[in-house]
Amino acid sequence: RSLGLIVLLMLGLVLAAEPGQAGGHTLNILDRDASAFNREVRGLLVWVMGFAALVFVVVTGALVYVTVKFRRTGKETGEPEQMHGNDRLEVAWTVIPTVIVLIIFGLTAQSMFKLDRPTPGAMVVEVRGWQFWWDFHYKDYGVRNSNELILPVGKPVRFEITGGDGTNYDVIHSFRITSMVGARDAIPGVVTHIEVTPEKIGTYYGQCVELCGASHANMRFRVKVVPQEEFDRWIEGARAFQAATPTDPTLVRGQELYKQQCAACHAIKGVSQGAPNNPDLTFFGNRTTVGAGMWPNVPEYLEPWIKNSPGMKPGVKMPAFPNLSDEDVKAIAAYLMSHKVEGLDFSKLEKF
Ligand code: CUA
């Protein structure tokens, strides 16, 4: 029966490794079209699984053979023949696994060095993990965006990954773009690196993969891999961004409330400095999600989020604002959505 269970389990693993869809995002960590990184890891996995299968077949085969050959027949007379020790067998079962482990070690080390080699001219993005969201800083362009990463297809990106900022307390997180690259720990006070060249246009799902508190599972982000031309429009627009002075009465009201309630913590370029340990809202209107990759960025989710985020996501630092009226919340939401790089719509790549 246990053999049957093992077979079922292995079958399950094989099926799980097939391209899967979760809410429209591919979660296949071995998607060979997404990056050379995945192909390298996939190649490694084939070797490891090959050895594992070999060991499985030999051990299980021997077990089945012994069970059948030495089964009780009812014709036994007294104790069967006893034996002790077998030098050749013992040497074999020590040497063979050692050789297998050494081969796997060699292959792994080779892949690690290959994947760690920096590409000259790679775009640098500084990644900062915070409880429970992500900050992205395009160092080469001086552009900051939170919880959403826009990347050009076919260009190498080097992530410089860290956590907290030395002043504000934070814990260890881990950065992973599920079906493209990862993972690397985001450790306060330490900078780790990982590099990838995204090869396929689309939306990728990012996730913290180091248990970091109540909302570890809710610490997500989105990656939009777009054509170079679209990336250029985004980054140029982001660099040139200037917050407009609102004239629409709702936006005027929104701005007023934003300055009272949000500006001390959140940054919008040209409006408020905020604090580095809270998400930047400069390009909020371009975002496809709220709550760090949790919900679609539509009023249905954004408005309750503004009013009572701790009720939606355990452990968030943003307090609830029970005193804001529905009109107030709508005004703030509209004001936030008015900040964006015009002419770009990343939601066409989004599926929930
Ligand atoms: Cu951050 Cu788990």
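Does Lys-224 count as buried or exposed, and at what relative accessibility? At 0% relative accessibility, Lys-224 counts as buried (buried means under 20% relative accessible area, exposed over 50%, partly exposed in between, with a 1.4 Å probe and protein chains only). The model is predicted, so local features need pLDDT of at least 70 and side-chain atom pairs 80 or more, while totals for chains, interfaces and linings use all residues. Residues are numbered from 1 along each chain as its sequence is written, and side-chain values use heavy atoms, leaving out hydrogens and water.Lys-224 sits in strand β12 (strands are DSSP runs of E, at least two residues, numbered from the N terminus). Its side chain makes a polar contact of 3.3 Å with that of Thr-203 (a pair of N or O atoms within 3.5 Å, one able to donate a hydrogen and the other to accept it; residues adjacent in sequence count only if both atoms are side-chain atoms). Across from Lys-224 stands Ile-150. Strand β6 pairs with β12 (residues 220–226) in the parallel sense, over five bridges; pairing takes at least two DSSP bridges.

Both strands belong to an open, mixed sheet of five, in the order β6-β12-β11-β8-β9. Its edges are β6 (148–152) and β9 (181–186), each pairing on one side only.

Ile-150 turns up again in the lining of the largest cavity, along with residues including Glu-148, Trp-234 and Arg-287 (a cavity is a set of points on a 1 Å grid over the protein atoms alone where a 1.4 Å probe fits but cannot get out, and lining residues have an atom within 4 Å of a point). This cavity holds about 30 Å³ of space, the volume being that filled by probe spheres set on the points.

Key: Helix = DSSP H or I, 4+ residues; strand = E, 2+ residues; numbered from the N terminus. 1 Å grid on protein atoms, 1.4 Å probe; cavity = no way out; pocket = protein on both sides within 12 Å on 5 of 7 lines; lining within 4 Å.
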